[in-house]
Structures are given as C-alpha cells and as structure tokens.
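Hi,

Here is the structure I promised to send over. Have a look at it first, and then read on for what turned up.

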Amino acid sequence: MTAAPGSRDAVSAPGATASARVPLGLLGLGAAATAYVGAVDPNRPGHYLTCPFLALTGWWCPGCGGLRAVHALTRGDLGAALHDNVLVVALCGFTAGFWGLWALRALRGRPRPALRLGRPWLLAAAVLVLAFTLVRNLPTGAFLAP
C-alpha cells in the first residue's frame with residue numbers, strides 16, 4: 001500500500017531510508033549494550049569495574065547504581081530501578097523519547113530534531129546532578145543511594 005504524495009504517512013524524501021540508518025544503528029548499539037547489562041548481573045561482583053569516584057572518595061557519584069538500574073529495567077522492575085538510580089531511569093526515558101522522535105522523523109525524510117540547550121538549561125542540569133550527588137551521600141538522602 002502506497003500513501004498519497006504529500007500525505008503525512010508518505011516517505012517524503014528518497015533518502016529517508018538512508019537517513020534512518022544512523023538512529024537505527026544507534027538503536028542496535030544501545031540494544032546490544034542493554035542486553036549485555038540485562039544478561040550479566042551488576043549485583044554480582046567481578047563483572048564490572050568499580051566506580052573510580054566511589055573508590056577514591058567513598059561517595060556515590062551521580063552514575064553509581066546506573067548499571068543496576070538498567071539491569072532492573074530489563075527485568076521490568078521499575079521500583080528497583082528507581083531505587084538504584086532515579087537519575088539514570090529519567091535519562092533512559094528521555095533518551096528513548098528523543099531517539100523515537102529522531103527515528104520517526106528520519107523515516108519520514110525530515111531532519112533530526114534539534115536539541116538546543118542554552119546556558120540556563122545546562123546550568124540547571126549541572127545543579128540538578130550536583131544536588132542529586134550531594135543529597136544521596138547525606139544521611140537524610142540515604143534513600144537515593146543504590
């Protein structure tokens with residue numbers, strides 16, 4: 001079945017399939033990495049390197065618990081994933097949404113979506129990550145520690 005020219009369902013550019021190679025290739029890489037983390041349990045010692053920030057300072061870095069969170073997501077355990085690293089779970093959701101939009105636009109022959117983050121957004125993200133790191137290392141924020 002072919003869509004009418006100019007309709008939203010029509011692939012509007014001959015190179016649409018070619019332009020979808022990058023997002024689809026990145027999906028493949030991401031899926032392979034996620035499958036590995038899903039298959040090789042990070043809760044069992046000896047499979048992954050220890051976080052250098054944790055080893056040097058004794059503090060959880062913003063990424064500590066991220067592998068465990070992704071492993072829990074592959075098992076469908078959102079509660080455990082949020083407990084292990086809520087920031088990584090949010091980043092996974094954002095990344096999946098952005099990738100989906102990018103792939104859809106590529107398949108339709110449109111340019112990839114622009115992700116323009118100005119200085120205020122970057123500053124807010126840096127403050128959020130710093131606050132998350134600080135709070136998860138305080139006794140009152142122990143619920144954020146993996």
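In which hand does helix 2 pass helix 6? The crossing is left-handed. Bear in mind that this is a predicted model.

The axes of helix 2 (residues 21–39) and helix 6 come within 8 Å, crossing at roughly 145°. On the helix 2 side, Val22, Pro23, Leu24, Leu26 and Leu27 make the contact, and they meet Trp99, Trp102, Ala103 and Ala106 of helix 6.

Now for helix 6 itself. It covers residues 86–107, 22 residues in total, and spans 32 Å from its first C-alpha to its last, close to the 32 Å expected at 1.5 Å a residue. Val88, Val89, Trp102, Ala103 and Ala106 are its buried residues. Looking down the axis of helix 6, you would find the buried residues within an arc of 155°, so they line one face of the helix.

Both ends of helix 6 are worth a glance. Asn85 caps the N-terminal end, with a side-chain oxygen 3.0 Å from the backbone nitrogen of Leu87. After the helix comes Gly109, which has a positive phi, near 80°.

Back in helix 2, take a look at Val37. Val37 has a relative accessible area of 8%, so it counts as buried, the cut-off being under 20%. Beyond its neighbours within four places in sequence, Val37 is in contact with Pro42, Tyr48, Leu67, Val70 and His71. For Tyr48, the separation from Val37 is 11 residues in sequence and 9.8 Å in space, C-alpha to C-alpha.

Cheers

Notes
Residues are numbered from 1 along each chain as its sequence is written. This is a predicted model: local features need pLDDT of at least 70, side-chain atom pairs count only at pLDDT 80 or more; totals for chains, interfaces and linings use all residues. Side-chain values use heavy atoms; hydrogens and water are left out. Helices (H or I, at least four residues) and strands (E, at least two) are DSSP runs, numbered from the N terminus. The expected span of a helix is 1.5 Å times one less than its number of residues. Buried means under 20% relative accessible area, exposed over 50%, partly exposed in between (1.4 Å probe, protein chains only). The arc is that of the directions from the helix axis to the C-beta atoms. A polar contact is a pair of N or O atoms within 3.5 Å; within protein, one must be able to donate a hydrogen and the other to accept it, and residues adjacent in sequence count only if both atoms are side-chain atoms. Axes are lines fitted to C-alpha atoms, for helices over the stretch in contact, and angles run from 0 to 180 degrees between N-to-C directions. A crossing is left-handed if the near helix is turned anticlockwise from the far one by less than a right angle, and right-handed if clockwise. Contact means heavy atoms within 4.5 Å.
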